[in-house]
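Open the model in your viewer and keep the sequence panel beside it. This tour tells you what to select at each stop and what you will find there.

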Amino acid sequence: MNAPITNHQTDDEHSLTERAYRAISHAIARLELKPGESLTQDRLAKWLAISRTPVREALRRLEQDGILQTAPGRGLIVAELTIKDADDLLEMLCLLDTQAAGLAAQRRTPAQAERLVAIAQELMVAAERYDIEAWDRIDQPYHETLLDASNNLYLRRSIEDVRRRLPRITYHLSRQPEHLLEGS
């Protein structure tokens, strides 16, 4: 009898991979890891104080997301982000978010509608106070509730795919007060 096919990555490895993914992505967004910079598993594993396996998996995901790329003779590097790339990503996100909002307006439950209104009010307060930490903390639940209300798995996946590519843009934009108020 054949052994069942299983995912050999344990929950601990999965959470370490997620931690590595987020830390590396955040460092790229903050320009601590700069476009064109070479990245090695050993250096990142040492920096994150974890083994190479979750770092390797995180790097693979970041490459799939287009945040990293392979450069001949240099290995993995932080991908350049052109103005055209940023414009295209933001344009796509605008289209997808608009569709999600339209579906959410049609399909939301009364509880989801109340939650969206309450979160939107909190976002406005955070924006008016230029409270970036509060905005960052509140923004994710808003989008999660909106996507839940839209009730479209493929739209959710598409939006999540675009959002994974955006931190280098949104991190710096959210530090400017006028962009917080535009996004609310």
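Start with the whole chain. Residues 24 or more positions apart account for 68% of the contacts in the protein with a separation of 6 or more, where contact means heavy atoms within 4.5 Å. This is a predicted model: local features need pLDDT of at least 70, side-chain atom pairs count only at pLDDT 80 or more, and totals for chains, interfaces and linings use all residues. Residues are numbered from 1 along each chain as its sequence is written, and side-chain values use heavy atoms, leaving out hydrogens and water.

**Stop 1: the overall plan**

Colour by secondary structure. The protein has nine helices and three strands. Both are DSSP runs, numbered from the N terminus: helices are H or I with at least four residues, strands are E with at least two. Along the sequence the pattern reads α-β-α-α-β-β-α-α-α-α-α-α. Now colour by accessibility. Of the 184 residues, 34% count as buried. Buried means under 20% relative accessible area, exposed over 50%, and partly exposed in between (1.4 Å probe, protein chains only).

**Stop 2: the sheet**

Select the three strands. In what order do they form the open sheet? The order is β1-β3-β2, and the pairing is antiparallel. Two strands pair if DSSP finds at least two bridges between them. The edge strands are β1 (38-39) and β2 (68-71), each pairing on one side only.

Next, select β3 (residues 75-78). Four bridges join β3 to β2. Find L68: its bridge partner in β3 is V78. Two bridges join β1 to β3, and these strands also run antiparallel. Here S38 stands opposite I77 of β3.

While the strands are selected, show side chains. In a regular strand the side chains alternate between the two faces of the sheet.

Move to the hairpin of β2 and β3. Three residues lie between the strands, and G73 takes a positive phi near 80°.

Helix α3 lies across β1, β2 and β3 and runs at about 95° to β2. Axes are lines fitted to C-alpha atoms, for helices over the stretch in contact, and angles run from 0 to 180 degrees between N-to-C directions.

**Stop 3: two loop residues**

Select A49, in the loop between α2 (41-48) and α3. Its phi is near 60°, a positive value in a residue other than glycine. Is A49 buried or exposed? A49 counts as exposed, at 67% relative accessibility.

Then select Y130, in the loop between α5 (110-129) and α6. Y130 is not a glycine, yet has a positive phi of about 55°. With a relative accessible area of 33%, Y130 is partly exposed.

**Stop 4: α4 against α7**

Show helix α4 (residues 83-107) together with α7. Their axes come within 10 Å and cross at roughly 150°. The two helices are therefore roughly antiparallel to each other. Angles under 35 degrees count as roughly parallel, over 145 as roughly antiparallel, 65 to 115 as roughly perpendicular and the rest as oblique.

Which residues make the contact? On α4, select L89, M92, L93, L96, D97, Q99, A100 and L103; on α7, select L155, S158, I159, V162 and R163. By class, nine are nonpolar, two polar and two charged. Ala, Val, Leu, Ile, Met, Phe, Trp, Tyr, Cys and Pro count as nonpolar, Asp, Glu, Lys and Arg as charged, and the others, Gly among them, as polar.

**Stop 5: α6 against α7**

Keep α7 (residues 153-164) and bring in helix α6 (residues 132-150). Their axes come within 10 Å and cross at roughly 155°. That makes α6 roughly antiparallel to α7. From α6, pick H143, E144, L147, D148 and S150; they meet L155, R156, I159, E160 and R163 in α7. The residues of this contact divide into three nonpolar, two polar and five charged.

**Stop 6: I159**

Finish inside α7, at I159. I159 is buried, with a relative accessible area of 2%. Leaving aside neighbours within four places in sequence, I159 is in contact with L93, L96, D97, A100 and L147. Draw a distance from I159 to A100, C-alpha to C-alpha: they are 8.9 Å apart in space and 59 residues apart in sequence.
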